[in-house]
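Please consult the sequence and the structure shown here while reading.

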Amino acid sequence: MAPAEVVTRAVRSGELPLTSMASAENEACAVRSVACASQAWRLQKVLCGRCGAASCPSQTWRPGGAGRGGVRMGSRADGPRTSGHVTGKMAVFPWHSRNRNYKAEFASCRLEAVPLEFGDYHPLKPITVTESKTKKVNRKGSTSSTSSSSSSSVVDPLSSVLDGTDPLSMFAATADPAALAAAMDSSRRKRDRDDNSVVGSDFEPWANKRGEILARYTTTEKLSINLFMGSEKGKAGTATLAMSEKVRTRLEELDDFEEGSQKELLNLTQQDYVNRIEELNQSLKDAWASDQKVKALKIVIQCSKLLSDTSVIQFYPSKFVLITDILDTFGKLVYERIFSMCVDSRSVLPDHFFPENANDTAKETCLNWFFKIASIRELIPRFYVEASILKCNKFLSKTGISECLPRLTCMIRGIGDPLVSVYARAYLCRVGMEVAPHLKETLNKNFFDFLLTFKQIHGDTVQNQLVVQGVELPSYLPLYPPAMDWIFQCISYHAPEALLTEMMERCKKLGNNALLLNSVMSAFRAEFIATRSMDFIGMIKECDESGFPKHLLFRSLGLNLALADPPESDRLQILNEAWKVITKLKNPQDYINCAEVWVEYTCKHFTDTLDAYMLKCIATVHQSLKREVNTVLADVIKHMTPDRAFEDSYPQLQLIIKKVIAHFHDFSVLFSVEKFLPFLDMFQKESVRVEVCKCIMDAFIKHQQEPTKDPVILNALLHVCKTMHDSVNALTLEDEKRMLSYLINGFIKMVSFGRDFEQQLSFYVESRSMFCNLEPVLVQLIHSVNRLAMETRKVMKGNHSRKTAAFVRACVAYCFITIPSLAGIFTRLNLYLHSGQVALANQCLSQADAFFKAAISLVPEVPKMINIDGKMRPSESFLLEFLCNFFSTLLIVPDHPEHGVLFLVRELLNVIQDYTWEDNSDEKIRIYTCVLHLLSAMSQETYLYHIDKVDSNDSLYGGDSKFLAENNKLCETVMAQILEHLKTLAKDEALKRQSSLGLSFFNSILAHGDLRNNKLNQLSVNLWHLAQRHGCADTRTMVKTLEYIKKQSKQPDMTHLTELALRLPLQTRT
């Protein structure tokens, strides 16, 4: 046990009286503590043994105190001062504090209660706007007539936006081609949004599947590609050719393409192949931009022909994605080209137009494109290119798309390769969903045509092709799901239940239908699958496992059952049937891929059972839930532990943990699961282990509603937090430390032992030893212990017994020991102040003095610049804020009988005097002004505020004249320092600062000084003139200040301010 903890425990147990509080490093004596509960010793006169005065000169604060190594207060040398001593002679102004009646001042500051007659008024009622129009008449007569009109609804000229139909906008559009282009661009963007919104947000777009396909279907074999190397003839001077020559040239270019002016690139890697495809896509855009439409068509035809090549069959799905990107680009370019022909200077084609809205030029161009494509000899490029511009049929006829889709569906029947044909159907379904999602007949026809040709997959032709390429059937069949899943998704989107049932029945009739079954479960609605889950399990059992493994089917089923609820009576049977298959898997990767899905099923549905029967049989359901989840976790550990297979499956194991904690909101049940912590032990890699711990803590903070003292939860989460803490090293980023501290602090805040304060403090002591490397955690622990001390005071209603007094002193010792280990200087300062306030509230007076002395001794260590959110900022403003708070506390701190009058204030003033301030800074004088406020408040008969059962100096001294005289001497010394500083500002570049400080000092004297004293009154007049002397004062501020003085002079005891107001002139602008 650490020495600091030994001290804390000894104090709490009563074995060691709290006569000292030791620091965490050296355990040196820091505080003298008096065991007497009463404060009678505080009532002694603080008199010097040598002269009988309230304090002797050796205890008086002297401005310009000795340097950091010089003689301090109480033991100063009597010789002359050489550091910071004011050598110039100054007039000494005696200080007389104004007697304050705080109750009367509070009463005068209260807002006057005025009854409000609502009438028609209501704060949420719309405001009536009144529009006033002023018409000025002849200036010579100095007369004007004003007409005013009021209306509850005033038309805002900015609220009406021009839609481009007014004559000026039309003229501008005619004159400015850029405006026309902008209008087309806006229309195109709106049209694209409309096209994307023809299906709902519940329809997963193709773009979401694109990246997954490219990442999954890769190859290491060499690829080949044909690049178009067309001749350059006919490119120059095309603008001057006649139309007949232009047509002849284009026909020659097409003949040139047909004759084979191409170059085949062989032995390309996959990355090279992808780069070449991207180059072709860019070439297509460049050719289109340069008005080489024939070249663009050649590129698209050439790319489409690549989809008939299955020489490297494993790469075919990725090739399909890359080529269809080019086809989509081509289709968009053609559509925009024709659409632009329908736009002239007078009108823009509406978004939902009819063929009658298109002009003859657009229709002719559209027909020309379809005729060009119809002349393509080969089936596959002709099909793909025509499908890519299917949307252009909107320009020709209303039924163009509905007529073309069945024809294109029939064209696919001519494609012999089943893999090529299924991807062709997928592309047609994708285009059909984009342009006409309501035409479901074509989608259904594609599906049923596919079922008719499904047997080809197991035919001799495909088998021979696989033998040639050396591909096994289990590697070949997974090439189909991307296309099949998309076809099934399009068909099942908003499809009636009867159609889905018919499709499933047809799939049942086919032999070797595992591939179909997987696509059905992947694409159909989860609710449809869940209600028929036992039927699907029966179909999975009947499937032949030679081509498509059953565990993949169970995985697809599990994904659906995690989204939708199966019949309650079948839930346990479904889990048993699936787990019989999963647990027999030998390959760890196959096993974990299935297990992580069914873990979510187990947690979700059996946790739902827990919620439903909570009040009925909570204990039985708890045991059932724990048993099922524990069985699954145990089986995962059993499969993943041999040969350290878990090292290759960290992502899946993390998913299992996330799914478990997402459904377990009762952490006492979670941590009582026998195999949960052993499951965590499989995360051997530190970075992964920390991420898992962060997930657990995040879930605990989010879902734990009430504080806990459950030992199961505490032991488990302490282990989790310790794991996170121990991952911190010198290379850990600050953001990471901040996140870990947030999570650990969230745990600490949720731990509560109720009235067992001893156990609570023991927990904080243990936490301090475990989390010593994270400063925010230590700060939270200090605040928690301070709160614990205040809760003890609240329970005892301020009257501590011997036991609670010892406990509170132990809490104070904990804070005093912990604070020095913190790095942030202002964090330490504020915690010393806060902990001192807590000690004072609990009548631990000597301990409070120790905290305040520690804070005072720390002030000289404050650096000139501090790091705030990664930026270096001056520290003086932060120091000023802290000292102002400190002064507010010092008002109620009683003096120590052995240290003289106002010993803490004197020590603090010495430190402020010795501190090295910036040359052009006035913060030191602002602090002295605050000290003057403090000393003025200390001279009152009754202080503004007190701490219950703590006698402040107003009670100890009882307005003793010697105490007041000593207080006034300090005030005079502080005033001398302020005036000396004002003298040094009598330079041109500092006159504005002098004016501001002079006015601030004037206001301080006005608020706290007794201006019936002639010298003080004269000083205030001098400061008023100083503030205005060089024209730097703010006239408005001066006027308001003078108005305030005149208003205050009307108070019964403030009549002397009337004469003062007469002596305060206002500076004129001249």
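The buried residues of helix α19 pack against α14 (440-452), α17 (481-492), α18 (497-509), α20 (526-531), α21 (533-542) and α22 (550-563). Here, contact means heavy atoms within 4.5 Å, and buried means under 20% relative accessible area, with exposed over 50% and partly exposed in between (1.4 Å probe, protein chains only). Helices (H or I, at least four residues) are DSSP runs, numbered from the N terminus. Nine of the ten residues of α19 (residues 514-523) are buried, so this helix is largely enclosed by the rest of the structure. Among the buried residues are L515, N518 and M521.

The model is predicted: local features need pLDDT of at least 70, side-chain atom pairs count only at pLDDT 80 or more, and totals for chains, interfaces and linings use all residues. Residues are numbered from 1 along each chain as its sequence is written, and side-chain values use heavy atoms, with hydrogens and water left out.

**Aromatic pairs.** Rings of Phe, Tyr and Trp (its six-membered ring) pair if their centres lie within 6.5 Å; planes under 30 degrees apart count as stacked, over 60 as edge-to-face and the rest as tilted. By this rule there are 41 aromatic pairs.

F320 lies in helix α9 (residues 316-341) and Y423 in helix α13 (residues 418-435), so their pair ties together parts that are 103 residues apart in sequence. F320 and Y423 are both buried, and Y476 and Y480 are buried as well. Elsewhere, ring pairs link F667, F671, F676, F700, F747, F753, F763 and Y764 into a cluster.

**The nonpolar core.** A nonpolar core is a set of buried Ala, Val, Leu, Ile, Met, Phe, Trp, Tyr and Cys residues joined through side-chain atoms within 4.5 Å. The largest has 314 residues, of which Y476, W598, F676 and F747 touch the most other members. Helix α9 gives the most to this core, with 13 residues. Leaving aside residues up to four places away in sequence, F676 touches L633, I657, V660, I661, L670, F671 and I696.

Note on methods. Helix = DSSP H or I, 4+ residues; strand = E, 2+ residues; numbered from the N terminus.
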